[in-house]
Amino acid sequence: MHIKELVLDNFKSFGRKTRIPFYEDFTTVTGPNGSGKSNVIDSVLFALGLARTSGIRAEKLTDLIYNPGHQEGSSFEGEREASVEVILDNEDRTLERSQIVNAAGTDDVGDIDEVSIKRRVKETEDNYYSYYYINGRSVNLSDIQDLLAQAGITPEGYNVVMQGDVTEIINMTPGARRKIIDEIAGVAEFDAKKEDAFEE
Ligand code: ATP
Ligand code: MG
């Protein structure tokens with residue numbers, strides 16, 4: 001499974017709907033400083049629920065909505081929203097239909113060669129709201145996280161290696177490094193379940 005395409009709409013510096021294709025083996029994103037390369041990564045973390053707002057370089061969720069006056073530090077009045085869709089290539093059936101149907105809560109998930117995960121954040125005058133979708137079906141964040149975990153995509157899974165992560169891993173104690181390897185190998189989940197079972 002790999003990312004096939006990102007669709008950013010009004011997200012951070014992407015004030016227009018932008019489709020970004022990804023390839024199976026290798027894709028690089030290049031561009032001048034401040035052109036939005038890191039914002040592309042932030043969009044993936046945002047949509048897949050893999051990071052806190054600090055991890056996507058925002059104080060609050062609504063900072064992720066395109067703001068034409070961002071560089072001047074001015075804010076924006078009125079209702080606004082942003083969305084990111086991550087289209088995963090599932091031709092290898094990393095996720096089976098039953099898993100997608102379970103997560104989406106309906107049989108009607110369409111063609112499963114692609115799995116679409118979408119998140120929308122909407123700001124109103126005095127509040128903000130998040131909406132999540134799997135193949136266009138409205139779901140909760142936990143449904144997305146559960147489904148992605150079945151494909152080995154988790155916040156602890158190092159699917160995204162952030163700036164500084166490599167240095168951090170090198171400087172860790174052997175015990176802490178072992179923990180990371182357990183997370184990646186999927187052993188940690190069973191350790192946690194075992195602990196829960198003992199507690200019960
Ligand atoms: P570098 O090469 O320096 O790492 P980069 O290509 O990774 O640069 P980003 O950090 O992705 O650049 O993009 C930074 C730009 O995004 C800044 O110009 C900033 O003003 C803009 N930006 C961030 N949030 C918003 C927003 N909500 N609305 C509009 N622009 C935004
Ligand atoms: Mg950057």
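Predicted model: local features only at pLDDT ≥ 70, side-chain atom pairs only at ≥ 80, totals over all residues.
Let's start with the whole chain. The protein has six helices and six strands, and reading along the sequence gives β-β-α-β-α-β-β-β-α-α-α-α. Its radius of gyration is 18 Å, close to the 16 Å that the globule rule gives for 200 residues, so the chain is as compact as a globular protein of that length. Along the principal axes, the C-alpha atoms take up a box of roughly 55 × 45 × 40 Å. Buried residues make up 20% of the 200. As for contacts between residues at least 6 apart in sequence, 62% of them link residues at least 24 apart.

The chain splits into two domains, domain 1 (2-153) and domain 2 (164-200), with 27 Å between their C-alpha centres.

Now for helix 3, residues 141-150, where the buried residues are I144, L147 and L148. Looking down the helix axis, these fall within an arc of 95 degrees, so they line one face of the helix.

| Element | Residues |
|---|---|
| Helix 1 | 37-48 |
| Helix 2 | 97-104 |
| Strand 4 | 114-123 |
| Strand 5 | 128-134 |
| Strand 6 | 137-139 |

Just past helix 3, G152 has a positive phi of about 80 degrees.

Finally, ligand 1 has 16 residues around it, the closest being N33, K37, S38, N39 and H70.

Technical notes
Residues numbered from 1 in each chain as written. Chains lettered and ligands numbered in written order. Near = placed C-beta within 6 Å. Domains from an automatic or database assignment. Buried ≥ 20, exposed ≤ 12 C-beta atoms within 10 Å, placed from the backbone. Helix = DSSP H or I, 4+ residues; strand = E, 2+ residues; numbered from the N terminus. Arc of directions from axis to C-beta. Contact = placed C-beta atoms within 7 Å. Rg over C-alpha atoms; globule rule 2.2 N^0.38 Å.
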